[in-house]
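Please consider the following protein model with care. The paragraphs below it lead from the whole chain to selected parts of it.

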Amino acid sequence: VTDQPSPAASPAPSGIPSSSGITPQPFPSSNKSNGNSNAVQTNPSQAPSTSTGPFQYETYQTFDWEFYLKETNSVAAPAECFKQHLVPPTNEFKMGMKLEALDPRNLTSTCIASVVGVLGPRLRLRLDGSDNKNDFWRLVDSNEIHPIGHCEKSGGMLQPPLGFRMNASMWPMFLLKTLNGAEMAPAKVFKREPKTPKNNTFEVGQKLEAIDKKNPQLICTATIGAVKDDMIHITFDGWRGAFDYWCRYDSRDIFPAGWCFKSGHPLQPPRQK
């Protein structure tokens, strides 16, 4: 459905079940209309965050998962169902740092990428030599990002991104210029990938937090709509199927309830009917 608004139209609170012993604190939201990418958090002491960089969002709300689970008479999917660390990793990347990343549109190619956004434990990346229309997001513990030099050590060669803006023969010179004097992301800021759960233990009706594939900067409240073999069907609460998708049970795009609050990442609440 193309004419239906995305979950981005909702305000963006986040939270964690209060039974966890963590008191919900306010922190930044990600309203789609807020184009101010330089907004800085006004009271850093209020918000837990795994990000060491300035926040890009400036409004604050909280989401009470415990209340919502009671209200909907539902349960959250257990943390062990997910391929995520129990404690979200710290994000020590800085804007402009260079790294190697798999081209999301051509996963056989390793390219140079720049950090153009930092949000909780997530990075907004742009492949050098491409335009700004194909930015993508990765967790700091993704196995698809590495320090500069990793590809060469593994016997590979850095490739131009799909849609490289220059003639392919210009790539070696472009690569030299791009890396000359650039700030390379040090190896210590790349975090170890979490272990993969052995089996798909999700059950229909369980609640979770999931990335909106159509607006991947957003993480939203969601429900397991169906389970089939190694696949699960993600439905976004209050959106009547407009943004649903299937993914593997070990996808890095899904998180346990409360992950956003723990990591300092905005969470989109259910759409109000």
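Of the 273 residues of the protein, 49% are classed as buried; buried means under 20% relative accessible area, exposed means over 50%, and partly exposed lies in between, with a 1.4 Å probe and protein chains only. This is a predicted model, in which local features need pLDDT of at least 70 and side-chain atom pairs count only at pLDDT 80 or more, while totals for chains, interfaces and linings use all residues. Residues are numbered from 1 along each chain as its sequence is written, and side-chain values use heavy atoms, with hydrogens and water left out.

The secondary structure consists of four helices and twelve strands. Helices (H or I, at least four residues) and strands (E, at least two) are DSSP runs, numbered from the N terminus. The protein exposes about 13,500 Å², of which carbon and sulfur atoms supply 52%; such areas come from the Shrake-Rupley method with a 1.4 Å probe, and for residues only the protein chains shown count as cover. A contact requires heavy atoms within 4.5 Å. Among contacts between residues at least 6 apart in sequence, 66% join residues at least 24 apart.

Helix H3 comprises residues 171-179, and its buried residues are Trp171, Phe174, Leu175, Thr178 and Leu179. Seen down the axis of H3, these buried residues fall within an arc of 120°, so they line one face of the helix; the arc is that of the directions from the helix axis to the C-beta atoms. The buried residues of H3 pack against E3 and strand E4 (106-119). On the other side of H3, Pro172, Leu176 and Lys177 are exposed. Just after H3, glycine 181 adopts a positive phi of about 80°.

Two loop residues may be considered next. Asparagine 73 is placed in the loop between helix H1 (65-71) and strand E3 (98-103). Asparagine 73 counts as exposed because its relative accessibility is 73%. Its C-alpha atom is separated by 9.9 Å from that of glycine 205, which is 132 residues away along the chain.

Glutamine 217 is found in the loop between strand E8 (207-211) and strand E9 (219-228). With a relative accessible area of 21%, glutamine 217 is partly exposed. Leaving aside neighbours within four places in sequence, glutamine 217 is in contact with Leu119, Arg122, Trp137 and His265. The C-alpha atoms of glutamine 217 and phenylalanine 136 are 8.6 Å apart, although 81 residues separate them along the chain.

How many disulfides does the structure hold? A disulfide is a covalent bond between the sulfur atoms of two cysteines. By the rule used here, a disulfide is a pair of cysteine sulfur atoms within 2.5 Å, and the structure holds zero. The sulfur of cysteine 220 has its closest cysteine sulfur in cysteine 260, at 8.7 Å, which is too far for a bond. Cysteine 220 is buried, with a relative accessible area of 2%, and cysteine 260 is buried as well, at 0%.

On a 1 Å grid over the protein atoms alone, a cavity is a set of points where a 1.4 Å probe fits but cannot get out, and lining residues have an atom within 4 Å of a point. Grid points are joined across faces, edges and corners, and a volume is the space filled by probe spheres set on the points. By this rule there is one cavity of 30 Å³ or more. The largest cavity holds about 50 Å³ of space, and its lining includes Asp103, Arg105, Asn134 and Phe136.

Conventions
On a 1 Å grid over the protein atoms alone, a cavity is a set of points where a 1.4 Å probe fits but cannot get out, and a pocket is an open set with protein on both sides within 12 Å along at least five of seven lines; lining residues have an atom within 4 Å of a point.
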